[in-house]
Amino acid sequence: MAIPVGPRRLRKAAVLLAAVATTAACGGGGGGGNNAGSGPTGAPTQGGVVRVAESPSTFPDAIWPFDTPAQVSTVNTSQFQELMYRPLYFWGLDDKVTLDPDVSIGETPTWSADGKTVTFQIKPWKWSNGEPVDAQDVLFWINMAEAETANSAYYTQPNPAIGAKYFPDNIASATASGQTVTLTLNTQVSQTWFLDDELSQITPMPLAWDLTGVGKKGSCATDAFGSAAAKTDCAADYAYLSAESTKGASYVGSPIWSVVDGPWKLKSYNGSSGAYDVVPNTSYSGPQKPYLDEVDFVPYTSDTTEYADLKAGSSGANAIDYGYLPAEDTAPYNAQNPDAGNPLSSVGYYVPNATYLDEISYYQINFANPNVGPLFKQNYFTKAIQDTVDQQGMINGIWKGWGYPSTGAVPAKPAGNPLSPKSQSEQATFDPSAAKQLLSSHGWDTGSTPATCTSPGTGPNQCGAGIAAGTKAAFTLDYPSGQASLDTMAADMRSDAAKAGIAVNTVSQTQNTIGNEGVACTSAQPTGCQWQALLYGGWVYSPDYYPTGDALFATGAGPNIWSFSDPKLDQLIVKTTTGSDINDMYAYEDYLAGDQPVIYNPNPLTVYEVVKNLHIDAGDPFQGYEPEYWYYTK
């Protein structure tokens, strides 16, 4: 589901930071293959420490793999939680949109003849405290998801009017017996979608986490699914675990979070600076045991200071072993040899092949904001904004060719997504004159910036519902601080929008600040009504690996914090989740191409710098880390 970047879930949602914020996302889904070009090819050595540069002012701040919409991001999930707590199904192999069965805890599901019951086995892994990883751990997560829909990043509300049900509302019963999980559904589903998007949300949780307080045993894990007891008991667990999840000072040595089933465990964590270190989990049951002794994640407040450490060389006092180049310091993109022109080759680094994330990049526009929401609800207005975003110009200029445009809701790269013929032919447009004409033909005086609504009303040549005479075509866009490339990007978007009569006030904030203000507008969260537009990165399709949109664009979807709603789109989404006809997926894509739920931005490719004797894996399209595949060469 997309996890902003910072959503990989969103995980993996969710609200995507990687592409825009050059998050140091590496690690793949089990590929382990060597990068081409100047990467090392020698035999692996056991041991060593790798220091990884974090993106500026961006670091994990929640450890429990049951994230809220505000917490879900690739930074929290793919790059932190999943190192220690493995999801039921793991995706990403050699930068491909592919399920990795070897790294997955769950075996391939089997279905009943009527398509209503799905059964799957849990591999006999062990938790670090000796507990078996079993079906009850899966039911623990499912019970929590059913009881805490209001707090789940992956929950999409049902829509009875069109027969739409999503996880866990589409579950009639769930049982656990030994290593076997059996789910009976109350509606027909696409089996591809259910595995790729629904089952892949789940992260098994150990019984050691079934607590309502310090030393207070709970019953959420063992209660019957859907029972009144489960709702009460899981709520008590949630209150305790969610509070503990954000207490960074107690992560290390915690009787809760020290119980892991992934290849790594936490050695240290600094909630103020963002630094954290992991060491191997010697009890890991999975297929690839770590070569390294330790991986340290090093925080930075700007990419300028990170680059200074890189330039000091791989043997410097603050040496970084796996870092990234600021856009302004990269060489022009060379597809045949990405290491060509590498400015740090002489101090011990190589540039590996670029990793294409399974993402779309955009900034969010708040349809529920009382001041600018009425503007964004007019499709002509958002189309005008989109026409002023010079994606290819920014790719060629700011990122020197390291990137590609976002052209729709389904990623065009990497290969593997179900792209309709129309989606395959989509091109990014840049036409401020056409944008200006759109405004003037809908009742705006574009003689100056910001343009002014002079013809209020709902007619075809008027400003639209809720837009009063004298309203200005203006809004505020918050974007992440600490990167000169994003400063330039924001300035370019502000300047180009002004050519069409649209005033965009750009304000830099830390990534975590933007993540905290980016909540949906509700009576319980009035602050979610205040923000106007947020450049939080976009969306990596994880764990909603089949990009149907139910987790992102459907009315009421958890990550849909910008309150977008289109009844026709909701109907099309339902068809993609309940049927097996690929044309249903194409119809959804093609309809959304004429809608404008977000403002699409370029997908920059992060330019990594890696010490020359460090072998890394071939990359993860879902922006995760898998350092168990890294090693120093002899």
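## Close-up views of a predicted model

**View 1. Gln364 stands opposite Leu534 in β20.** Before we look around, please keep in mind that this is a predicted model, in which local features need pLDDT of at least 70 and side-chain atom pairs count only at pLDDT 80 or more, while totals for chains, interfaces and linings use all residues. Residues are numbered from 1 along each chain as its sequence is written, and side-chain values use heavy atoms, leaving out hydrogens and water. Helices (H or I, at least four residues) and strands (E, at least two) are DSSP runs, numbered from the N terminus. Two strands pair if DSSP finds at least two bridges between them. Strand β14 (residues 362-365) and strand β20 (residues 533-534) run antiparallel and are joined by two bridges.

**View 2. Five strands make an open sheet in the order β19-β18-β20-β14-β22.** The pairing in this sheet is mixed. β19 (503-509) and β22 (599-600) stand at the edges with a single partner strand each, so one side of each has no neighbour in the sheet. Helix α12 (residues 484-498) packs on the sheet and touches β14, β18 (474-480) and β19; contact here means heavy atoms within 4.5 Å. The direction of α12 makes about 165° with that of β18, where axes are lines fitted to C-alpha atoms (for helices over the stretch in contact) and angles between N-to-C directions run from 0 to 180 degrees.

**View 3. Side chains alternate along strand β5 (residues 180-185).** In a regular strand, side chains alternate between the two faces of the sheet.

**View 4. β5 has antiparallel partners in both β3 and β4.** Five bridges pair strand β3 (residues 117-121) with β5, and Val118 stands opposite Leu183. Strand β4 (residues 171-177) is joined to β5 by six bridges, with Ile171 opposite Leu185. Follow the hairpin of β4 and β5 and you will find two residues between the strands, where Gly178 takes a positive phi near 60°.

**View 5. The largest nonpolar core has 165 residues.** A nonpolar core is a set of buried Ala, Val, Leu, Ile, Met, Phe, Trp, Tyr and Cys residues joined through side-chain atoms within 4.5 Å. Leu183, Tyr363, Trp444, Phe475, Phe553, Trp562 and Trp630 have the most contacts inside this core. Helix α3 (residues 135-147) gives the most to the core, with eight residues.

**View 6. Thr446 sits in the loop between β16 (444-445) and β17 (452-453).** Is Thr446 buried or exposed? Thr446 counts as buried because its relative accessibility is 14%. Leaving aside residues up to four places away in sequence, Thr446 touches Lys436, Leu439, Ser440, Ala451 and Ala500.

**View 7. A disulfide joins Cys220 to Cys234, with an S to S distance of 2.0 Å.** The link is right-handed, with 85° about the S-S bond. Cys220 lies in the loop between β7 (216-217) and α5 (228-245), and Cys234 lies in helix α5, 14 residues apart. Cys220 is buried, at a relative accessible area of 0%, and Cys234 also counts as buried, at 0%. A disulfide is a pair of cysteine sulfur atoms within 2.5 Å, and three are found in a search of the whole structure.

**View 8. Cys453 and Cys463 are joined by a disulfide (S to S 2.1 Å).** The torsion about their S-S bond is about 115°, so this disulfide is right-handed. Cys453 belongs to strand β17 and Cys463 to the loop between β17 and β18, so the pair ties together parts 10 residues apart in sequence. Cys453 is buried at 2% relative accessible area, and Cys463 is buried at 0%.

**View 9. The sulfur atoms of Cys521 and Cys529 are 1.9 Å apart in a disulfide.** With a torsion of about 80° about the S-S bond, this disulfide is right-handed. Cys521 counts as partly exposed at 21% relative accessibility, whereas Cys529 counts as buried at 17%. With the bonded cysteines of the protein numbered in sequence order, the pairing reads 1-2, 3-4, 5-6.

Key. Buried means under 20% relative accessible area, exposed over 50%, partly exposed in between (1.4 Å probe, protein chains only).
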